[in-house]
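Here is a short report for a reader who is new to this structure. Please look over the sequence and the model first.

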Amino acid sequence: MQLNKNRVRVIGAGLAGCEAAFQMARFGVQVDLYEMKPKKRTPAQVSDHFAELVCSNSFRSNNPLNAVGLIKEEMRRAGGFLIACAEEAKVPAGDALAVDREQFAKVVQSRLLADPNIRIISEEVGELFNDDIATIVATGPLTSDALALDIAKIIGQERLAFYDAIAPIIDADSVDMEHAFFASRWGKGEGDDYLNCPMTEIEYGQFFQALISADQAHAKAFENLHYFEGCLPIEELASRGEKTLLFGPLKPVGLHHPVTGLRAHAVLQLRKENIHGTAYNLVGCQTRMKQPAQKAVFAEIPALKNAQFLRFGAIHRNTYLDAPSILDEASRLKTNNGQYQNIFFAGQITGVEGYVESMASGLIVAKLLQTILQQKQLNPPPEYTALGGLYRHTRGSLKANPKDRYVPSNVTWAMLPPIANQDRRLGKDAKRQMLVERALGDLQQWLLS
Ligand SMILES: Cc1cc2nc3c(=O)[nH]c(=O)nc-3n(C[C@H](O)[C@H](O)[C@H](O)COP(=O)(O)OP(=O)(O)OC[C@H]3O[C@@H](n4cnc5c(N)ncnc54)[C@H](O)[C@@H]3O)c2cc1C
């Protein structure tokens with residue numbers, strides 16, 4: 001099927017959709033921007049504006065020494081639309097970039113409405129388009145039921161998820177190796193597949209008490225979750241009794257200390273989260289605990305007492321695709337029967353997580369589509385940039401093992417390759433400063449290309 005070079009569609013005027021629509025209009029094509037508001041809202045929305053921030057009014061840290069601060073700086077340099085709107089609507093928030101959400105939405109919406117290349121169509125899209133017009137689907141974590149069903153029908157039910165169940169991820173360098181050891185259960189696999197964090201009976205008792213009394217994030221009414229038994233939050237398992245975890249995610253059987261040969265009372269296993277080996281996932285610890293509670297509870301485990309969290313655990317309603325298996329390198333639906341050839345996805349539905357990441361995804365996908373319309377070679381953001389890291393996450397290229405389940409993620413340092421042959425004695429800020437300089441240098445090269 002031919003591709004219309006003069007016109008695109010964007011479905012969803014949220015963060016990714018508004019960014020993508022603006023970028024495509026600026027590129028010079030006609031954009032039809034579909035948004036189901038004001039006729040219909042998702043259960044999290046309370047306004048009829050575009051680019052609605054449904055919860056916090058913060059875009060998190062503005063400091064480039066934080067991965068989310070770096071990606072914001074990259075977006076500014078790459079001509080990001082929403083990041084510029086956020087600057088116009090910002091309110092004082094210390095290290096963070098926070099906005100007056102009404103003002104932010106007003107700035108975004110007025111620019112899009114005034115753009116002669118953009119036509120707003122206030123309709124719910126119930127089915128994917130199957131024609132020659134490139135369509136960016138950016139309908140977010142609460143994509144309307146009709147469209148979600150249609151997408152599931154086309155890609156296969158098992159490739160569209162409706163919930164996240166995420167375990168925390170920590171910085172590998174922050175594990176106290178005096179209290180941890182490498183071993184696989186029953187000696188299976190490679191010797192260093194798992195990093196084990198043992199606990200004595202007393203330490204486990206303290207961990208358990210902290211866990212059952214920890215603060216939990218409250219679910220919204222529409223998020224009343226029916227957990228799958230294999231995906232239960234760790235605190236839910238703990239509520240069934242003190243021994244439950246010892247037969248579940250913290251079971252010590254088959255794990256003996258390589259030096260002492262002893263078996264601990266309980267063992268939390270860490271598994272590599274990325275190909276760089278710079279981050280570990282707390283296996284089986286998906287959780288609804290509030291973030292400070294996660295830090296405090298896991299600090300009860302001796303090996304994790306100084307753990308630095310790269311991503312906190314979460315469980316929430318979230319519609320997302322198994323992007324690595326169903327999207328190609330342009331974020332376009334892979335098809336094998338010539339149908340739905342011109343469907344692209346952007347935003348949280350591709351498995352990025354958060355306001356900032358969704359707008360970054362809108363920017364990346366718009367740039368990829370622009371090269372396709374120009375019939376040029378695809379030029380995704382380089383791997384050393386935060387934009388490139390986020391892009392590679394959606395490609396599944398960062399998974400430690402290609403067979404690992406694809407789970408949504410915020411932007412984290414684990415998405416960027418570490419600096420080669422780095423002096424291990426360097427402090428955290430010095431290491432990050434080097435990553436930032438490398439990222440911004442590479443971004444500059446990319447923008448020039
Ligand atoms: C309850 C909740 C709280 C959250 N809190 C935070 C937070 O505090 N901080 C944070 O960083 N992230 C938060 N997130 C995540 C955040 O919502 C997303 O990261 C971000 O808004 C996703 O951007 P998006 O553009 O992909 O989707 P959205 O911003 O959700 O935009 C999607 C748009 O598509 C429209 N739409 C949906 N279906 C259709 C259809 N069939 N036809 C036409 N239009 C349609 C919707 O009305 C919406 O305007 C939260 C998410 C939820 C659900």
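## Helix 6

Helix 6 (residues 201–212) has 12 residues and reaches 16 Å from its first C-alpha to its last, close to the 16 Å expected at 1.5 Å a residue. The expected span of a helix is 1.5 Å times one less than its number of residues. Helices (H or I, at least four residues) and strands (E, at least two) are DSSP runs, numbered from the N terminus.

This is a predicted model; local features need pLDDT of at least 70, side-chain atom pairs count only at pLDDT 80 or more, and totals for chains, interfaces and linings use all residues. Residues are numbered from 1 along each chain as its sequence is written.

Tyr 204, Phe 207, Phe 208 and Leu 211 are the buried residues of helix 6. They cover an arc of only 100 degrees around the axis, which puts them on the same side of helix 6. The arc is that of the directions from the helix axis to the C-beta atoms. A residue is buried if 20 or more other C-beta atoms lie within 10 Å of its own, exposed if 12 or fewer, and partly exposed in between; C-beta atoms are placed from the backbone. The cover over these buried residues includes strand 11 (194–199), helix 7 (234–238), strand 12 (266–272) and helix 8 (291–298).

## The whole chain

The chain has 12 helices and 16 strands. Its C-alpha atoms fill a box of roughly 70 × 50 × 45 Å, taken along the principal axes. For 449 residues, a compact globule would have a radius of gyration near 22 Å; the chain has 23 Å, which agrees. That radius is taken over C-alpha atoms, and the globule rule is 2.2 Å times the number of residues to the power 0.38.

Of the 449 residues in the chain, 45% are buried. Among contacts between residues at least 6 apart in sequence, 71% join residues at least 24 apart. Two residues are in contact if their C-beta atoms, placed from the backbone, lie within 7 Å.

## Domains and core

The domain assignment gives domain 1 (7–165 + 316–448) and domain 2 (169–312). Such bounds come from an automatic or database domain assignment. The centres of domain 1 and domain 2, taken over C-alpha atoms, are separated by 31 Å. In contact are 15 residues of domain 1 and 16 residues of domain 2. On the side of domain 1 that touches domain 2, strand 8 (160–166) and strand 15 (314–321) are the elements that give two or more residues.

The largest nonpolar core has 128 residues, and Ala 21 and Ile 71 have the most contacts inside it. A nonpolar core is a set of buried Ala, Val, Leu, Ile, Met, Phe, Trp, Tyr and Cys residues joined through C-beta atoms within 7 Å. Helix 10 (residues 355–373) gives the largest share of this core, 10 residues. Domain 1 and domain 2 both give residues to this core, so it lies between them. Leaving out residues up to four places away in sequence, Ile 71 touches Val 356, Ala 360, Ala 386, Leu 387, Leu 390 and Val 411.

Helix 10 has 19 residues and reaches 27 Å from its first C-alpha to its last, close to the 27 Å expected at 1.5 Å a residue. Of its 19 residues, 15 are buried, so helix 10 is largely enclosed by the rest of the structure. Gln 375 follows helix 10 and has a positive phi, near 55 degrees.

## Single residues

| Residue | C-beta neighbours inside 10 Å |
|---|---|
| Arg 60 | 23 neighbours |
| Ser 331 | 24 neighbours |
| Gln 348 | 27 neighbours |

Most residues other than glycine have a negative phi, and most peptide bonds are trans. Arg 60 has a positive phi near 65 degrees. Arg 60 lies in strand 3. Ser 331 also has a positive phi, of about 65 degrees. Ser 331 sits in the loop between helix 9 (323–326) and strand 16 (343–345). A cis peptide bond joins Lys 37 and Pro 38, with omega about 0 degrees. Pro 38 is in the loop between strand 2 (30–34) and strand 3 (58–61).

Gln 348 lies in the loop between strand 16 and helix 10. Gln 348 and Leu 15 are 333 residues apart in sequence and 9.2 Å apart in space, C-alpha to C-alpha.
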